[in-house]
Amino acid sequence: MESLYIAVDVGATNIRVALGDAEGRLYVKFREKTVRSGGRLSIAEQILEIIGKNVSPRMLENVNAIGIGSIGPLDLKRGRIVGTPNLPFDVVELVEPLKNRLRKPVYLVNDCVAGVMGEWVYGAGRGYRNVVYITISTGIGGGAIVDGHLLLGKDGNAHEVGHMVVDLEGIMECGCGCRGHWEAYCSGSKIPAYAEHLLSTMPVEEVRASSLYHHYVKGELTAEIIYRAAAEGDRIAMEIVEAIGKINAIGVANVVNVYDPELVTIGGAVALRNSSLVLQPIIKYVKKYVVNRLPKIMLTPLGEDIVLYGALAIAANPPRELLEAMGI
């Protein structure tokens, strides 16, 4: 049997596990809601349980390595998540529990670092030397390939683009506790709060005429409700989505100015489920803020599987930069 690899996507909402090969074929995929109780080993135990239930001992014998793309921040040398704003754990151990139980090499990167690796190896980034991937999901993050090198940073957190400051006044508070961050305005978890702020500044009679009003007064706004109303032509919802889009354009422009990519791909649940409402304002406004030559900006063709593809890529062929960062 050919060599196999296990790819893991650790998100704040879901954990996804896949079995694939070095050519980028994902044979089987599994998804579970991410556990939000237990200790620092609970997520590793959940991953091991998913593997144990779905990967036979015979197939596991042919698995060469495990790649993990995870929400951050990370401590790469210790193989763990530390202080993430999107999970109720101070520390999440990942590499050691999996390595000890499975007796296989385990490689960990930020989920968006995995995303850019997936794009570069298997997706739209093939043939480029400068690629950025941005996710707009529960949180906002990014990954970058610059001059053919994967950027990691001292702890593996060189791509926390969601925590760039886009509002000096700091009107909205981010999940990390800081104010004015991109993620505080445009991430799936924070869009409702920003929408409530915007609604509070609009004429009351116009807000009452919106389909958002009864959700607003009940405190039940969600990103899904807001984007659906905008897609249906609700004027107030469209204004909110446009405001979010302008901030997304500032964030993308900052990324272009810092990394100077040839290609920027965008994914994550918010972007993929509302593709035109997210992408069009970025394309419309980003030119106002960039100083570098504008790259191609597009949705990722790898869809929701992009982190799995990246985890597969690092498991099959771990980059030198990652091996050095992990002390291997």
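Which residues have the most contacts inside the largest nonpolar core? I started there, keeping in mind that this is a predicted model.

**Cores**

I found 65 residues in the largest nonpolar core, and the ones with the most contacts inside it are Ile6, Val8, Ile43, Ile47 and Ile68. I then looked up which element gives the most to this core: helix H13 (residues 306-316), with nine residues. Apart from this core I noted another one, of 52 residues, with Ile140, Val161, Val252 and Tyr259 among them. As a reminder to myself, nonpolar side chains tend to be buried together in soluble globular proteins.

Skipping its neighbours within four places in sequence, I listed its contacts: Val17, Ala18, Leu19, Ile51, Leu60, Val63, Ala65, Ile66, Gly67 and Ala315.

**Aromatic pairs**

How many aromatic pairs are there? I count two. For Tyr122 and Tyr309, I have ring centres 5.9 Å apart and planes at 55 degrees, so I logged the pair as tilted. Tyr122 sits in helix H4 (residues 111-122) and Tyr309 in helix H13, so this pair ties together parts 187 residues apart in sequence. I checked burial too: both Tyr122 and Tyr309 are buried.

The other pair is Tyr185 with Tyr194; their centres are 5.0 Å apart and their planes at 75 degrees, so I wrote it down as edge-to-face. Tyr185 has a relative accessible area of 2%, and Tyr194 has 9%. Buried means under 20%, so I put down both as buried.

**Asn110**

Is Asn110 buried or exposed? I get 6% relative accessibility, which counts as buried. Asn110 belongs to strand E8 (residues 106-110). Leaving out neighbours within four places in sequence, I see Asn110 in contact with Gly69, Ser70, Gly72, Leu74, Gly142, Gly156 and Glu160.

**Largest pocket**

I looked at the largest pocket last, and about 1,100 Å³ of space lies in it. It is lined by 43 residues, of which Thr13, Ser137, Thr138, Gly268 and Ala269 are the closest to its centre.

Which element supplies the largest share of the lining of the largest pocket? I noted H11, with four residues. The elements that each supply at least two residues of this lining include strand E2 (14-20), strand E9 (131-136), strand E10 (140-146), helix H9 (223-231) and helix H11 (269-273). H4 and H13 are also among them, and those two helices hold Tyr122 and Tyr309 respectively.

Methods. Residues numbered from 1 in each chain as written. Predicted model: local features only at pLDDT ≥ 70, side-chain atom pairs only at ≥ 80, totals over all residues. Heavy atoms only, no water. Core = buried A, V, L, I, M, F, W, Y, C linked by side-chain atoms within 4.5 Å. Buried < 20%, exposed > 50% of the residue type's maximum accessible area, 1.4 Å probe, protein only. Contact = heavy atoms within 4.5 Å. Phe/Tyr/Trp six-rings, centres within 6.5 Å; stacked < 30°, edge-to-face > 60°. 1 Å grid on protein atoms, 1.4 Å probe; cavity = no way out; pocket = protein on both sides within 12 Å on 5 of 7 lines; lining within 4 Å. Points joined across faces, edges and corners; volume = space filled by probe spheres on them.
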